[in-house]
Amino acid sequence: MSYVVMDMEWNQAMSAQSAVFNKLPIHLRGEIIQIGAVKLTEDLKPGEEFQIDVKPVYFKKMHYKVEKLTGFDKDRLEHGVGFVEALKAFREFCGDGCTFLTWGCDDKSIMEQNIIIHDQDWDWIDRWVNLQVIYNLQTQAGRNQTGLAIAMEHFGIEQTRVAHDALGDAYNTALICSKLDLEEGLKQYETASKTLSTSKAGGETEDTHSKTKALEHRAFTGYPTREDAFDDKELTAPLCPECGERLKASRWINQGDRRYMSLCSCKAHGNYLVRIKLRPAEDDTMTANRIIYKADEEMEEFYKSKAHPAKRRRSRKKKRLIVPREKARQ
Ligand SMILES: [Zn+2]
């Protein structure tokens with residue numbers, strides 16, 4: 001099992017009323033502008049490092065608070081690479097089968113939102129551990145969320161890197177890891193993570209339960225073919241995460257690269273966006289990774305836009321036809 005300690009910086013919309021929100025397929029709380037990561041060595045010490053700047057496409061104007069915190073300005077944003085390319089580089093750095101360690105649970109939800117909005121693979125990045133939970137267990141810090149700086153102080157770790165820089169924070173978090181009994185902490189993690197208070201330290205009001213929080217990650221194995229996978233009702237008609245009734249699935253949209261998406265509904269609890277990624281296993285069967293999200297209006301629209309692309313094409317054509325006529329009049 002390999003561990004990657006990671007941290008990200010993200011930009012926000014100027015305000016919740018920003019026009020950009022109307023164009024987004026899902027709620028995007030933060031758009032990633034930097035990914036920093038440190039691999040842990042076998043004796044769980046900081047090892048190989050990774051950092052990449054990402055150029056945002058939705059929140060292109062630097063939010064003044066983020067600029068103040070990270071020192072990122074317009075110029076620096078311009079020089080980042082696109083998210084898809086950055087994620088690919090990050091995946092290459094991480095390799096397969098790794099567990100992601102973060103300070104807090106925001107990074108996980110922000111990463112999921114960014115992956116969905118760019119229609120990328122998520123199944124390689126589904127094992128996350130919030131180190132605050134293990135820190136609290138082992139330092140009697142209680143149930144509140146402790147800031148990174150406080151935890152560093154607790155262990156007498158000196159700040160030698162830039163704070164609020166993704167790699168700097170990831171490195172400092174990796175140092176905290178080396179002070180914790182990580183193996184013991186991971187054993188207790190499942191139970192302990194349920195008791196962590198969701199209120200943020202320092203009076204911040206950010207919503208940690210983002211709208212795109214995944215309700216369920218699950219793997220199904222041993223399908224001889226793709227068709228067998230889709231014949232399996234357990235996979236393609238999941239149970240409602242809230243009441244356990246079987247959901248009614250709408251058409252599965254093939255998104256390419258063995259990724260599929262459907263909108264599944266429960267009479268009592270509304271719609272869920274369900275995504276499936278098939279992957280060939282070593283024994284020549286197929287494995288299916290399934291992820292379920294509570295669908296809000298934005299997600300429903302997103303699904304519909306993918307389910308009926310023909311309609312969109314027609315309306316675009318119409319617009320194109322209008323243009324030359326207007327030009328001709330001039
Ligand atoms: Zn239900």
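This is a predicted model: local features need pLDDT of at least 70, side-chain atom pairs count only at pLDDT 80 or more; totals for chains, interfaces and linings use all residues.

Trainee: Which residues of H4 are buried?

Mentor: Phe83, Ala86, Leu87, Phe90 and Cys94. They sit on the same side of H4, because the arc they cover around the axis is only 100°.

Trainee: Why would residues spaced like that point the same way?

Mentor: An α-helix has 3.6 residues a turn, so residues three or four places apart point the same way.

Trainee: How far does H4 reach from end to end?

Mentor: From its first C-alpha to its last, H4 reaches 16 Å with 12 residues, close to the 16 Å expected at 1.5 Å a residue. Just after H4 comes Gly95, with a positive phi of about 75°.

Trainee: Switching to the sheet. What's the strand order?

Mentor: It's an open sheet of 5 strands, running E3-E2-E1-E4-E5, with mixed pairing. E3 and E5 (128-130) are the edge strands, each pairing on one side only. From one strand to the next, the twist averages 25°.

Trainee: Which strands pair parallel?

Mentor: E1 pairs in the parallel sense with E4 (residues 98-102), over 4 bridges. Within that pairing, Tyr3 has Thr99 in E4 as its bridge partner.

Trainee: And which pairs are antiparallel?

Mentor: E1 (residues 2-11) with E2 is one of them, over 8 bridges. There, Asn11 has Glu31 in E2 as its bridge partner. E2 also runs antiparallel to E3 (residues 46-53), joined by 6 bridges, and Leu40 stands opposite Pro46 in E3.

Trainee: What's in the hairpin of E2 and E3?

Mentor: There are 5 residues between the strands, and Leu44 takes a positive phi near 60°.

Trainee: How enclosed is H8?

Mentor: Largely enclosed by the rest of the structure, because 11 of its 14 residues are buried. Among them are Ala166, Ala170, Tyr171, Ile176 and Cys177. H8 reaches 20 Å from its first C-alpha to its last, close to the 20 Å expected at 1.5 Å a residue.

Trainee: Now the nonpolar core. How many residues are in the largest one?

Mentor: 46, and those with the most contacts inside it are Val5, Ile35, Ala170 and Cys177. E1, E2, H4, E4, H5 (106-117), H6 (131-139), H7 and H8 each supply at least two residues. H8 gives the most, with 8 residues.

Trainee: What does Ile35 touch?

Mentor: Leaving out residues up to four places away in sequence, Ile35 touches Met6, Met8, Ile52, Val54, Ala86, Phe90 and Ala166. Ala86 and Phe90 are buried residues of H4, and Ala166 is a buried one in H8. There's also a second, separate core of 19 residues, which includes Leu263, Tyr293, Ala295 and Met299.

Trainee: Last one. What about Arg251, buried or exposed?

Mentor: Exposed, because it has 11 C-beta neighbours inside 10 Å and the cut-off for exposed is 12 or fewer. Arg251 lies in the loop between strands E7 (248-249) and E8 (253-254).

Trainee: Which residues does Arg251 touch?

Mentor: Ser262 and Ala307, not counting residues up to four places away in sequence. C-alpha to C-alpha, Arg251 and Ser262 are 6.0 Å apart in space, and they are 11 residues apart in sequence.

How values were computed
Residues are numbered from 1 along each chain as its sequence is written. Two strands pair if DSSP finds at least two bridges between them. Axes are lines fitted to C-alpha atoms, for helices over the stretch in contact, and angles run from 0 to 180 degrees between N-to-C directions. The expected span of a helix is 1.5 Å times one less than its number of residues. A residue is buried if 20 or more other C-beta atoms lie within 10 Å of its own, exposed if 12 or fewer, and partly exposed in between; C-beta atoms are placed from the backbone. A nonpolar core is a set of buried Ala, Val, Leu, Ile, Met, Phe, Trp, Tyr and Cys residues joined through C-beta atoms within 7 Å. Two residues are in contact if their C-beta atoms, placed from the backbone, lie within 7 Å. The arc is that of the directions from the helix axis to the C-beta atoms.
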